[in-house]
Amino acid sequence: MPADGSGVAGAAGVVSVGVDGSTGTPPPTGFRLGTPPRYYEIQTTAQFMAPVGVCIAYDPAEYQQPTQVRLFHDAGQGWQDVTTSVDAASHVVCGAVES
């Protein structure tokens, strides 16, 4: 999925990804954002059944501890750690979200 704000068309709908590195809710206590910080807004017109897998590539040079990268999701109740896997060799973090 491109992380440049473009949409991805599929048989079931369109997925759009927006990246805003400057604004967002501060991370939970004990966690730090990368440099630069990255917040993703992922939306879809597709109907889906939860949970949905989300994987995002990251640059390990942007993190003080790249082997401890986590994926957090805020569905309106504060940040939740939704990380299901971190592939440190490929620099991809994955998670499962309900919304």
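1. Let me start with Phe72: its relative accessibility is 21%, which counts as partly exposed (buried means under 20% relative accessible area, exposed over 50% and partly exposed in between, with a 1.4 Å probe and protein chains only). Phe31 is also partly exposed, its relative accessible area being 37%.

2. A word on the basis: this is a predicted model, where local features need pLDDT of at least 70, side-chain atom pairs count only at pLDDT 80 or more, and totals for chains, interfaces and linings use all residues. Residues are numbered from 1 along each chain as its sequence is written, and side-chain values use heavy atoms, leaving out hydrogens and water.

3. You will find 3 aromatic pairs in the structure (rings of Phe, Tyr and Trp, the last by its six-membered ring, with centres within 6.5 Å; planes under 30 degrees apart are stacked, over 60 edge-to-face, the rest tilted). Phe31 and Phe72 have ring centres 4.8 Å apart and planes at 70°, so this pair is edge-to-face. Because Phe31 sits in the loop between strand 2 (13-20) and strand 3 (39-44) while Phe72 belongs to strand 5 (residues 72-74), the pair ties together parts 41 residues apart in sequence. Strands here are DSSP runs of E, at least two residues, numbered from the N terminus.

4. Do look at the open sheet too: its 3 strands run in the order 4-8-7 with antiparallel pairing (strands pair if DSSP finds at least two bridges between them). Strand 4 (52-57) and strand 7 (83-87) are the edge strands, each pairing on one side only.

5. Strand 7 and strand 8 (residues 92-97) pair in the antiparallel sense over 4 bridges. Val86 has Val93 in strand 8 as its bridge partner.
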